[in-house]
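Subject: Structure handover

Hello,

Here is the structure I said I would pass on. My notes on it follow below.

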Amino acid sequence: MDRSRPDEETITAAVALACRAPSVHNTQPWRWRVGDRSVHLYADPSRQLPATDPLGADLLLSCGAALHHLRVALAALGWRAVVHRLPNPAEPEHLAAVEFARREPTDADVAMATAIPHRRTDRRRFSSWELPRPVLDRLAERAVEEGAIAHEVTGTRDLFDIASAIRAAAAVQDADPVYRAEVRWWSGGHAAVDGVPAANAPSGAPRHGDVRLREFPGGVLLDEQADESADDGASLLLLATSSDDRLSVLRAGEAMSAVLLEATAAGLATSPLSQPLEVAETRDRLRVEVLDGISCPQILLRVGWAAFNADPLPPTPRRPLTELIDQWETA
Ligand SMILES: Cc1cc2nc3c(=O)[nH]c(=O)nc-3n(C[C@H](O)[C@H](O)[C@H](O)COP(=O)(O)O)c2cc1C
């Protein structure tokens, strides 16, 4: 047995955990090529959402989350991932080449990997309890370790700017018949290995205080705590990077994953919100109004304590690995 590299079973387990990553509309826009000494992550442009994600940022964020999930899974299995991001400028879809180095897993590695199957996007109202400062600081640290910042949206002015950017972006999208058809296609009814199941989406457009979440038509998730008029205790984090190139967006996806897994490990509920980042005008408004033009907004995350009587959410489906792993190379 060659102990200088992970065996096939280890790699398959790590890729399977990577595929539990969150992705926009659960499109899972990734492919994997697995070699003897490396794993390669590719974007699958056929899964880009033309109306929701014309900039292609959601697709890259989703792939960044899968890359971070892969790193976390490998670490818990005893391998440090040595990652070469965007290794080939002539092949833009090739997002990462990952090699392996032996490393004893730490308790923190195991805790992060254990969080992967427990993480869910929870669109329900959270409890009124606010997050303790040490927890918020830990989430911010995870983002910084991945090259991003987690801007805490706290002041009334920031909250107002974010809430109105979400409303403006939703109005642009809802007025577009192609967007409406697209979100309907990826919602509820189309029982499949992808898309957002009806069981994970509240009916109508959930609104928590001033923050409106994306509507997935046909949602049947019961939100017993729903109360549109009141804020819950959720914290809103705006993840941002110093620039807006593809590498930065990929890294922001890794940072998003790191924050979501840290929050899950702490027993918190989470939900990404990308609508105001999908429309160029509101994306720019967040950059100027909330981040003072200094950094580039990538995605919003709602993080909070689930309501004490909230039922556990079912996992969303994933495509079979056989569809996602292109080939086994013996290089
Ligand atoms: C880049 C990105 C953008 C997302 N945007 C939204 C959003 O605007 N609204 C929402 O309710 N969920 C959003 N999600 C969550 C996905 O719908 C969710 O990850 C997917 O359905 C899989 O479900 P899971 O996270 O529970 O595994 C987003 C996820 C990612 C990675």
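Does Ala 171 count as buried or exposed? Ala 171 counts as exposed, because it has 11 C-beta neighbours inside 10 Å; a residue is buried if 20 or more other C-beta atoms lie within 10 Å of its own, exposed if 12 or fewer, and partly exposed in between, with C-beta atoms placed from the backbone.

Before the rest, two notes on conventions. This is a predicted model, in which local features need pLDDT of at least 70 and side-chain atom pairs count only at pLDDT 80 or more, while totals for chains, interfaces and linings use all residues. Residues are numbered from 1 along each chain as its sequence is written.

Helix α5 (residues 156-174) is where Ala 171 is found. Helices (H or I, at least four residues) and strands (E, at least two) are DSSP runs, numbered from the N terminus. From Ala 171 to Gln 225, 54 residues along the chain, the C-alpha separation is 26 Å.

α5 packs with helix α9 (residues 280-290) at an angle of about 175 degrees, and their axes are 10 Å apart. The axes are lines fitted to C-alpha atoms, for helices over the stretch in contact, and angles run from 0 to 180 degrees between N-to-C directions. That angle makes α5 roughly antiparallel to α9, a label for angles over 145 degrees. Residues of α5 in this contact include Asp 158, Asp 161 and Ile 162, and those of α9 include Thr 282, Arg 285 and Leu 286; two residues are in contact if their C-beta atoms, placed from the backbone, lie within 7 Å. By class, the contact of α5 with α9 has 6 nonpolar, 1 polar and 4 charged residues. Ala, Val, Leu, Ile, Met, Phe, Trp, Tyr, Cys and Pro count as nonpolar, Asp, Glu, Lys and Arg as charged, and the others, Gly among them, as polar.

The ligand is surrounded by 22 residues, the closest being Pro 22, Asn 26, Thr 121, Ser 274 and Thr 316. α2 (57-76) and β9 (269-273) each give two or more residues to this shell, and α2 gives the most, with 4. The shell has 9 nonpolar, 9 polar and 4 charged residues.

Thr 52 lies in the loop between β2 (39-43) and α2. Thr 52 counts as buried because it has 23 C-beta neighbours inside 10 Å. Leaving aside neighbours within four places in sequence, its contacts include Val 24, His 25, Asp 58 and Glu 278. The C-alpha atoms of Thr 52 and Val 279 are separated by 8.5 Å, though 227 residues apart along the chain.

Regards

Notes:
A residue is near a molecule or strand if its C-beta atom, placed from the backbone, lies within 6 Å of it. Angles under 35 degrees count as roughly parallel, over 145 as roughly antiparallel, 65 to 115 as roughly perpendicular and the rest as oblique.
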